[in-house]
Amino acid sequence: MKFRYAMVCSSNQNRSMEAHSLLKRQGFDVASYGTGAHVKLPGPSLREPNVYDFGTPYKQMFDDLRRKDPELYKRNGILPMLKRNLGVKLAPQRWQDNAADGSFDVVLTFEEKVFDMMPSLFACLTRVQQCIDLNNRDHVLRKCVLIINLEVKDNHEEAAVGARLALDLCQEIEAAESWEESIDDIVSGFEKQQRRKLVYSISFY
């Protein structure tokens, strides 16, 4: 694969992980992240979510919820989701803390508010990377990165649909000689074929 891809949602649990899992199986160089302050999973009521810190292993969340109410969390799809997640990577990661992971060519978000956060998050990330790479003569500044938002509702069914759409979109980008020159055509073709609106911007490391 020519490019590195990042899938980003709020908690790095559902939408970004469904897309990460699918793209990984298709051989993409892909990672996934969340942008929230904490990882939130549905609880017994809207006022009682299950809240975890980023970095808490998916297996630990799985065991915790299975201990609390196995029938509830199996019925609402949370236990199967966590089981899928722990087969992809160890724990949810926070985008703001990913400077050591290196740079990406394409970042795909699944929610407008996450997309809107990206410019300020890139600015913070760049400052951290510059400190990390202070003594690295090969460090390249102003690396171009494509950020695209594909709006996907945060439920299991929509996440599965969104992942397939993300795969289609990334395959189009991967096939292009230069996404910088063809991104307008890729986006318009995708919107026409899939009847889904995309928003995109370009940022820099």
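The following conversation goes through a predicted model and the terms used for it.

Visitor: What should I know before we start?
Guide: Residues are numbered from 1 along each chain as its sequence is written, and side-chain values use heavy atoms, with hydrogens and water left out. In this predicted model, local features need pLDDT of at least 70, side-chain atom pairs count only at pLDDT 80 or more, and totals for chains, interfaces and linings use all residues.

Visitor: Why is Arg15 called buried?
Guide: Buried means under 20% relative accessible area, exposed means over 50%, and partly exposed lies in between, with a 1.4 Å probe and protein chains only. Arg15 has 5% relative accessibility, so Arg15 counts as buried. Arg15 lies in helix α1, residues 15–25; helices are DSSP runs of H or I with at least four residues, strands are runs of E with at least two, and both are numbered from the N terminus.

Visitor: What makes the pair Arg15 and Glu111 a polar contact?
Guide: A polar contact is a pair of N or O atoms within 3.5 Å; within protein, one must be able to donate a hydrogen and the other to accept it, and residues adjacent in sequence count only if both atoms are side-chain atoms. The side chains of Arg15 and Glu111 are joined at 2.9 Å. A polar atom of the Arg15 side chain also lies 3.5 Å from the backbone oxygen of Phe110.

Visitor: How do you know that the buried residues of α4 line one face?
Guide: The buried residues of helix α4 (residues 78–86) are Ile78, Leu79, Met81, Leu82 and Asn85. Seen down the axis of α4, they fall within an arc of 160°, so they line one face of the helix. The arc is taken from the directions from the helix axis to the C-beta atoms. These buried residues of α4 pack against α1, β3, α2, α3 and α6, where contact means heavy atoms within 4.5 Å.

Visitor: Which domains does the assignment give?
Guide: Domain 1 covers 4–36 + 94–204 and domain 2 covers 39–88; the bounds come from an automatic or database domain assignment. Their contact takes 15 residues from domain 1 and 15 residues from domain 2.

Visitor: How much area do domain 1 and domain 2 bury between them?
Guide: About 1,100 Å², 55% of it on carbon and sulfur atoms. Buried area is the accessible area (1.4 Å probe) that two parts lose on being put together, summed over both.

Visitor: What makes Glu18 and Arg84 a salt bridge?
Guide: A salt bridge needs a side-chain nitrogen of Lys or Arg within 4 Å of a carboxyl oxygen of Asp or Glu. For Glu18 and Arg84, the closest N and O atoms are 2.3 Å apart, and the pair forms a salt bridge. Between domain 1 and domain 2, the count is one salt bridge.

Visitor: Is Val107 buried or exposed?
Guide: Val107 is buried, because its relative accessible area is 0%. Val107 is found in strand β5, residues 106–109.

Visitor: What is the phi of Asn12, and what is that of Arg195?
Guide: Most residues other than glycine have a negative phi. Phi of Asn12 is near 55°, a positive value, and Arg195 has a positive phi of about 55°.

Visitor: Why is Arg195 called exposed?
Guide: The relative accessible area of Arg195 is 78%, so Arg195 is exposed. Asn12, at 0% relative accessibility, counts as buried.
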